[in-house]
Amino acid sequence: MKVTKENLSDIREEYEKAHRYIDEESKNDPPTEPFRSHYSARDILNSALRKVKTLSEALDPESEVATTVRCIHANILKDIAKITIFVEEPRGEVLLKEALELIEKDAGKEPTINVHIEIFNQLGIMACNLCNFPESKQYLDQAKDIYCETKELERQPLTMADLFGTKEEVEKGKGLKLLESNHTLTLYYLAQVFGFLENLADSALYCHMTLRRQLEYNEYEHVDWALNAATLSQFYFPKNHLSQARHLLAASTFMLNCYETEVVEKIANPTERAEKEETLRYRMADVGRCWAKYGLHILATSKERLSVDDEPDEHGVSEAPLTPVKKMDRFVGLDLAAYEGQVTDEFCLTFDDAKLVMLNSLSWLNKAKEYYTKETEASQYAKILQDIASLYKHLAFFEEDDGNQCKLYKRGADQLEEIVEILNATYYQTICREAWYELGLTYSNMLNVKLSQLDEMQARDRPSPHALNKINHLCEKSIRNFKKFIESYKIDLETLELPANMDEDEMQPLLYAFFHIGRLYYRIITPDKRLKLKNTESSLFYYSRFVDCCQDEQGKHKQKNTRKRATEMTSPKISADKTTDSNAATPKHQQGQSNEASTDPPAEGAAGGGAAVQAVVAATVQTIRETGFYGCFSWLKVFRFANLMIKQGC
């Protein structure tokens, strides 16, 4: 039997009618019947499917015509399966595998190429949604292999419209365009699967390939493309691929500006235009925050580089300084020089370098605050204020003048004070905890600067009452915020008893808070001997609780280690927290946003603390940073260290 255009006309009409229901009519479905058009489309496709089956029964299975009809059959099954999955009914996978089996023996033939890839893509999506990621990757790899083989052998795939027509009616180029579109989807799905498999490097690679292909074939939606590019940048800059991250952020900003000129400004309907403008403001604020995170990373990592001891170790080996990775993959056809020129892709060495990065990030955050206001988006507004505070804190590291350094810390503290002022701690407990802890650290850092100035002043003249009052005021502010942080965990300040089963990531900052408060009480300057004794007792109390808690945790870790050895019959080492950031004690929910200010007790020569004790404290805090509380000493060393601090007033 010969299949003619007339034989397939009814099937083609029903196929096209079904897709009109899916693509157009479904937009008008009422909320009470959200799948009405899809159900109608499925009924029409089932009708077409019966006709195709009747037609195929009269054909020679080995003929070229039979291959074409099987491809039409498989396409219809695939579309029915997609609708079944969309309306959340079972049998979607069964239908897809039936379609796959139908064309299995025709694999590699030009009519089957696109439908074969589309079926594998759908099976890959289904497996991914069911959290079967290895199986999903297997399906998607098969789709990718078909594409690569087609390109290598220069085959000419066909579209569904080509299958319904004669050879003379085949639209040249349409099949190849569909092939490229299907392959872009394959790469996109593979990027998601690699992410779920925690293979982040390959996930980022496939994301970038997807973005590049969308640009190349002009198959993108401006806002989605911009958001994907900005999100991808967040993978690259933590790995110090600064050039690649900046390029992605520049491309994202460029695309949003194109959206404004090519889409928003051409809309005549005021209501629709207002909606698009709101979307633009929303997404530009998000991209701006990504720019700010990029700048924060540069400042924090630059600070880390300059803080690393470049002296050779006992083996004569010096640690190589961090360097930005220059390797990058650029998007073709985008003029991004103006956007990339706004901020560096190098680490900072001087205050002037850091100031440029800081001001660029600050400008983006100020723009973001125009959308995320405290009245409408309180939590996001607070997070922006946290980022601004971090910018001032990191810039203070590069400032050599003590007075200016204190001013920068004060500006950062003002941002954090606004957070605790506008937020209800009951409903925004996590953010308030972060702000209280940061305020305690910030005022403690300001105290360090003021104590350093006091030492210089004492060498020349008697310190003024104003300078002493300033030191006491900073001590009180820092203590007050650390205590609020402690109280947020329902800890009684009279006993400082920690809750049972507290998470280790929360335990660590609490112990740091005890340590800081113990030090701060001893730093309060007063001529009143009774008050001085009271402050010393408070210092002793917090230091003692710090020591006791370290002892308790050390015992717990020993028990865990003993159980592990008994189970495994080995001698594994309990890995200590290797955080080297100056804010190793930052709460879990705050880590990753930024590196914190230095928590070193200053090496002051103030009354009550000998130089040897100062050195012990500084060395101990550095050890705690490098190895964590529970990996820094044996308990005997902890006990000796604490007693030395308590006896000599450190």
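**Close-up views of a predicted model**

View 1. The structure holds 24 aromatic pairs, counted when ring centres of Phe, Tyr and Trp (its six-membered ring) lie within 6.5 Å. In one of them, the centres of the Phe237 and Tyr294 rings are 6.1 Å apart with planes at 75°, so this pair is edge-to-face (over 60 degrees; under 30 is stacked, the rest tilted). Here distant parts of the chain are linked: Phe237 lies in the loop between helix H10 (222–236) and helix H11 (242–262), and Tyr294, 57 residues apart from it, in helix H12 (residues 270–307). Helices are DSSP runs (H or I) of at least four residues, numbered from the N terminus. Phe237 and Tyr294 are both buried (under 20% relative accessible area; exposed is over 50%, partly exposed in between; 1.4 Å probe, protein chains only). Together with Trp291 and Trp364, they form one aromatic cluster.

**About the model.** This is a predicted model, where local features need pLDDT of at least 70 and side-chain atom pairs pLDDT 80 or more, while totals for chains, interfaces and linings use all residues. Residues are numbered from 1 along each chain as its sequence is written, and side-chain values use heavy atoms, leaving out hydrogens and water.

Terms used
Helices (H or I, at least four residues) and strands (E, at least two) are DSSP runs, numbered from the N terminus.
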